[in-house]
Amino acid sequence: MSSTFPNISISTERLVLRALDEDDVPALAEMMNDEQVGAWTDVPQPYTEDQARTWITECAPTERESGRGLDLAVTEFLTQRLVGIVQLAKTNWHVRSTELSYVIAPWARGEGYASEAALATAQWLFTDQKFERVELRTAADNTASQQVAQKIGCISEGVLRNACIAHVRTEDGTWTDVRTDFIVWSLLPEDVESAGEQLTDSDGFTSYGDWN
């Protein structure tokens with residue numbers, strides 16, 4: 001069985017998840033300079049177009065080819081506009097598990113794009129790639145990301161105390177590190193089946209400020 005991710009495209013009703021390409025550089029850089037991204041991720045601030053280009057042309061292909069992870073651009077089906085990123089990392093091919101995270105652009109939040117993209121990725125992992133576990137980690141105060149995890153059917157497994165570094169603005173406008181807890185969530189194949197049914201019953205993916 002393969003120990004690398006294929007170069008794939010995943011489609012949903014509203015979204016297309018695909019490999020990043022150089023046309024995404026401006027939108028990716030703009031998205032990564034958002035305050036929420038700076039607060040809850042380790043993305044360098046400010047984030048330049050050169051850094052975005054390096055990620056797209058060097059880092060993302062290396063991660064995929066090594067089997068460690070996969071970076072997918074999340075785009076609107078109708079406009080092809082970049083609305084976010086889904087990232088797989090820390091992949092264990094023997095255990096068939098990986099860690100999933102997501103970022104959604106500020107203008108696209110509140111539309112349920114994070115839950116739709118994350119659920120589609122998990123379904124692909126469980127069906128096509130025969131994975132047995134997807135893990136998410138959310139900062140203790142990142143309630144928006146926790147809502148996304150719950151929306152797609154994740155089960156909270158516990159807290160990693162003092163294991164997360166978040167970031168806050170200081171008075172002079174720079175960022176400073178703040179230590180907090182990680183909440184660990186897991187998603188198994190049977191969880192996704194019930195989540196998909198609930199989303200269908202509730203008429204889709206709605207009302208979250210989506211980022212992680």
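Modeller: Happy to! This is a predicted model, in which local features need pLDDT of at least 70 and side-chain atom pairs count only at pLDDT 80 or more, while totals for chains, interfaces and linings use all residues. Residues are numbered from 1 along each chain as its sequence is written, and side-chain values use heavy atoms, with hydrogens and water left out.

Let's start with the whole chain. The protein chain has six helices and eight strands; these are DSSP runs, with helices being H or I of at least four residues and strands E of at least two, numbered from the N terminus. Read from the N terminus, the order is β-β-α-α-α-β-β-β-α-β-α-β-β-α. Of the 212 residues, 50% count as buried, where buried means under 20% relative accessible area, exposed over 50%, and partly exposed in between, using a 1.4 Å probe and protein chains only.

Now to your helix. The buried residues of α5 are Ala 144, Ser 145, Gln 146, Val 148, Ala 149 and Lys 151. Ala 149 has a relative accessible area of 0%. Leaving aside neighbours within four places in sequence, Ala 149 is in contact with Tyr 102, Leu 136, Cys 154 and Trp 185; contact means heavy atoms within 4.5 Å. Thr 180, in turn, is 31 residues from Ala 149 in sequence and 19 Å from it in space, C-alpha to C-alpha. After α5 comes Gly 153, with a positive phi near 100°.

Next, the core. A nonpolar core is a set of buried Ala, Val, Leu, Ile, Met, Phe, Trp, Tyr and Cys residues joined through side-chain atoms within 4.5 Å. The largest one has 37 residues, and Tyr 102, Trp 124 and Leu 136 are among those with the most contacts inside it. Helix α5 (143-151) is one of the elements giving two or more residues to this core, and others include β5 (97-104), β6 (133-139) and β8 (175-187). The largest share, ten residues, comes from α4. Trp 124 touches Phe 5, Pro 6, Ile 8, Ile 10, Leu 70, Leu 88 and Gln 129, not counting residues up to four places away in sequence. Another core, of 18 residues, lies apart and includes Leu 20, Leu 28, Val 37 and Ala 60.

Finally, some backbone details. Most residues other than glycine have a negative phi, and most peptide bonds are trans. Lys 130 is not a glycine, yet has a positive phi of about 60°. Lys 130 sits in the loop between α4 and β6 and is partly exposed, at 48% relative accessible area. Asn 162 also has a positive phi of about 60°, but lies in strand β7 (residues 155-169), and is partly exposed at 44%. The peptide bond from Gln 45 to Pro 46 is cis, with omega near -5°, and Pro 46 is found in the loop between α2 (35-40) and α3 (49-66).
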